[in-house]
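Reader: Hey, I've got this model open and I'm a bit lost. Can you walk me through it?

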Amino acid sequence: MPEREETKRSCLPTVHREEDGIAVYRYGLTDSTNLRAKQAAAQGVTRGLFIAEGQSAGRGRLGRSFYSPEDTGLYFSCLYTTHEPLHSFLALTPAAAVVCARVIEKHCGKKVGIKWVNDLYYEEKKVCGILVESVGALDVQSKLIVGVGINLHTEEFPPELAGIAGSLGVRIDRQAMALEIYRALEAYVCDPADRSFMEEYTARSVVLGKRVKLLKGEECFFGTVLGFDGDGGIVLNADGERLVFHGGEITLRLQ
Ligand code: BTN
């Protein structure tokens, strides 16, 4: 299908069909590619890649925003449909983290680590975040949305991200990288019992063996990271007690 011209700030996407049948919906500046994918899913789209040049309301985990300035990052969402129950996809976020780390390494030539559960780090700064969402949990089929934001060559960050967020410092073919991540993750979505990636998830961890503070809702726990369970839960040694968490957020503690 030939590409249509779009104005930079249009919310109407250009659709370009790839040879292998993945529909790519491309936006200039949009609110959030996860929201675009959700909207498309609600309209019956079952599969597709939603890419934006920038996002005005990029969404992160735990209700946070994701800083998405135009043209300096790669912001995209992968939409899949599954007939498996949603609880089969507990490990989708760690699977996506490993897939993104591998593809970033291949396309950008930078070695990235993983901070539980969904952040990728390069030179001690967060360069990529992943947000998994689902639609239609009670239906016979569910739609899964995996949103990925990668700071490619963003140089300036707002003050609240100073010292936390960083960039890979590369200019690459963004659509090619997003498509590769799309395909690799689709293989996992078709076989969610596969846990072979957990070994690499552990090997790439930047928190393994470290003292962390884990915030879960109003509760706060301290411990040393022992490892990760098969569903990507974090295992802590908290004063001799073994605790496993499948949600929450960790921050590193000075030893
Ligand atoms: C996080 O760091 O907590 C997750 C960030 C996920 C950001 C990506 S950018 C593309 C997609 N659209 C969104 O609104 N969020 C995800």
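Reader: Let's start with helix 2. What should its 17 residues span, and what do the end C-alpha atoms say?
Author: This is a predicted model, and in it helix 2 covers residues 92-108. At 1.5 Å a residue, those 17 residues should span 24 Å, and the end C-alpha atoms are 23 Å apart, which agrees.

Reader: Okay. How many of its residues are buried?
Author: Helix 2 is mostly covered, with 13 of its 17 residues buried.

Reader: And what comes just after helix 2?
Author: Gly109, which takes a positive phi of about 70°.

Reader: Let's zoom out. How many helices and strands are there in the chain?
Author: The protein chain has four helices and 13 strands.

Reader: What radius of gyration would a compact globule with 255 residues have, and what does this chain have?
Author: A compact globule with 255 residues would have a radius of gyration near 18 Å, and this protein chain has 18 Å, so the two agree. Along the principal axes, the C-alpha atoms fill a box of roughly 60 × 45 × 35 Å.

Reader: What share of the residues counts as buried?
Author: 51% of the 255 residues. As for contacts with a separation of 6 or more, 59% of them come from residues 24 or more positions apart.

Reader: What is Tyr201 in contact with, apart from its sequence neighbours within four places?
Author: With those neighbours left aside, Tyr201 is in contact with Pro94, Ala97, Val98, Ile114, Trp116, Val117 and Phe228. Take Pro94: it is 107 residues from Tyr201 in sequence, yet their C-alpha atoms are 7.0 Å apart in space.

Reader: New topic: strands. Is strand 2 mostly covered or mostly open?
Author: Mostly covered: seven of the eight residues in strand 2 (residues 23-30) are buried. Strand 2 runs parallel to strand 3 (residues 48-55), and six bridges join them.

Reader: Which residue in strand 3 is the bridge partner of Tyr25?
Author: Phe50. Tyr25 itself lies in strand 2, and it has a relative accessible area of 14%, so it is buried. Tyr25 and Ala52 are 27 residues apart in sequence, with 8.5 Å between their C-alpha atoms.

Reader: What holds paired strands together, by the way?
Author: Strands of a sheet pair through backbone hydrogen bonds, in either a parallel or an antiparallel way.

Reader: So where's an antiparallel pair?
Author: Strand 5 (residues 113-115) and strand 6 run antiparallel, joined by three bridges. A hairpin connects strand 5 to strand 6 through three residues. Within this pair, Lys115 has Asp119 as its bridge partner.

Reader: What does strand 6 do with strand 7?
Author: Strand 6 pairs with strand 7 (residues 125-135) in the antiparallel sense over four bridges. Tyr121 has Lys126 in strand 7 as its bridge partner. Strands 6 and 7 form a hairpin with two residues between them, and Glu123 in the turn has a positive phi of about 45°.

Reader: Which way do the residues of strand 6 point?
Author: Asp119 and Tyr121 point one way, Leu120 and Tyr122 the other, and all are buried. In a regular strand the side chains alternate between the two faces of the sheet.

Reader: Tell me about Asp119. Buried or exposed?
Author: Buried, because Asp119 has a relative accessible area of 6%. Asp119 lies in strand 6, residues 119-122.

Reader: Which side chain does the Asp119 side chain make a polar contact with?
Author: The side chain of Lys126, at 2.9 Å. Beyond its neighbours within four places in sequence, Asp119 is in contact with Gly113, Ile114, Lys126, Cys128 and Gly129.

Reader: Last one! What's the strand order in the open sheet of five strands?
Author: The order is 12-11-10-9-13, with antiparallel pairing. Strand 12 (241-245) and strand 13 (249-252) are the edge strands, each pairing on one side only. Neighbouring strands of this sheet are turned by 45° against each other on average, ignoring direction.

Reader: How many bridges are there between strands 9 and 10?
Author: Six: strand 9 (residues 211-216) and strand 10 (residues 219-228) pair in the antiparallel sense. There, Val212 stands opposite Gly223 in strand 10.

Conventions. Residues numbered from 1 in each chain as written. Predicted model: local features only at pLDDT ≥ 70, side-chain atom pairs only at ≥ 80, totals over all residues. Heavy atoms only, no water. Buried < 20%, exposed > 50% of the residue type's maximum accessible area, 1.4 Å probe, protein only. Polar contact = N/O pair within 3.5 Å; in protein donor to acceptor, adjacent residues only side chain to side chain. Contact = heavy atoms within 4.5 Å. Pairing = 2+ DSSP bridges. Axes fitted to C-alpha atoms, helices over the stretch in contact; angles between N-to-C directions. Expected span 1.5 Å × (residues − 1). Rg over C-alpha atoms; globule rule 2.2 N^0.38 Å.
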